[in-house]
Amino acid sequence: QVQLVESGGGLVQAGGSLRLSCAASGNIFRVYAMGWYRQAPGKQRELVASITSDGNTNYADSVKGRFTISRDNAKNTVLLRMNSLKPEDTAVYYCNALVLSRELRSGNYWGQGTQVTVSS
């Protein structure tokens, strides 16, 4: 099994910054793409940002220029730096990873979620 443990998040005023981190551990041979999704009350979960093992990134239009995703392949960690936060960024943020196990089986895994609240 693979575990994704998130940290960071919390309450911040509009215009502020937060950093989310996520560490993958367990039965891991290789971690392919990693990313962050978010889900606001009454809305569907949406992609915020993703990054491949080669470092190629993809961002939702709503966060481009404000959020930065990065990863450490040696530590199987992914970071999301969030600047210029807006109230509409308020959501539960979930870490996601596509992992190849030592048995060479791929699986898609999720973290438990961390709350980000931006006050106006």
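This is a predicted model: local features need pLDDT of at least 70, side-chain atom pairs count only at pLDDT 80 or more; totals for chains, interfaces and linings use all residues.
Local features are given where pLDDT is at least 70, side-chain atom pairs count only at pLDDT 80 or more, and totals for chains, interfaces and linings use all residues. Residues are numbered from 1 along each chain as its sequence is written, and side-chain values use heavy atoms, with hydrogens and water left out.

Asp89 sits in the loop between β8 (77–82) and β9 (91–100); strands are DSSP runs of E, at least two residues long, numbered from the N terminus. Buried means under 20% relative accessible area, exposed over 50%, and partly exposed in between, with a 1.4 Å probe and protein chains only. Leaving aside residues up to four places away in sequence, Asp89 touches Arg38, Arg66, Phe67, Ser84, Val116 and Val118, where contact means heavy atoms within 4.5 Å. A polar atom of the Asp89 side chain lies 2.8 Å from the backbone nitrogen of Lys86.

Next come the rings. The structure holds one aromatic pair. Tyr37 and Trp110 form this pair, which is edge-to-face, at 5.0 Å centre to centre and 65 degrees between the planes. Tyr37 belongs to strand β4 (residues 30–39) and Trp110 to strand β10 (residues 106–110), so the pair ties together parts that are 73 residues apart in sequence. Rings of Phe, Tyr and Trp (its six-membered ring) pair if their centres lie within 6.5 Å; planes under 30 degrees apart count as stacked, over 60 as edge-to-face and the rest as tilted. Tyr37 is partly exposed at 24% relative accessible area, and Trp110 is partly exposed at 35%.

Note on methods
Helices (H or I, at least four residues) and strands (E, at least two) are DSSP runs, numbered from the N terminus. A polar contact is a pair of N or O atoms within 3.5 Å; within protein, one must be able to donate a hydrogen and the other to accept it, and residues adjacent in sequence count only if both atoms are side-chain atoms.
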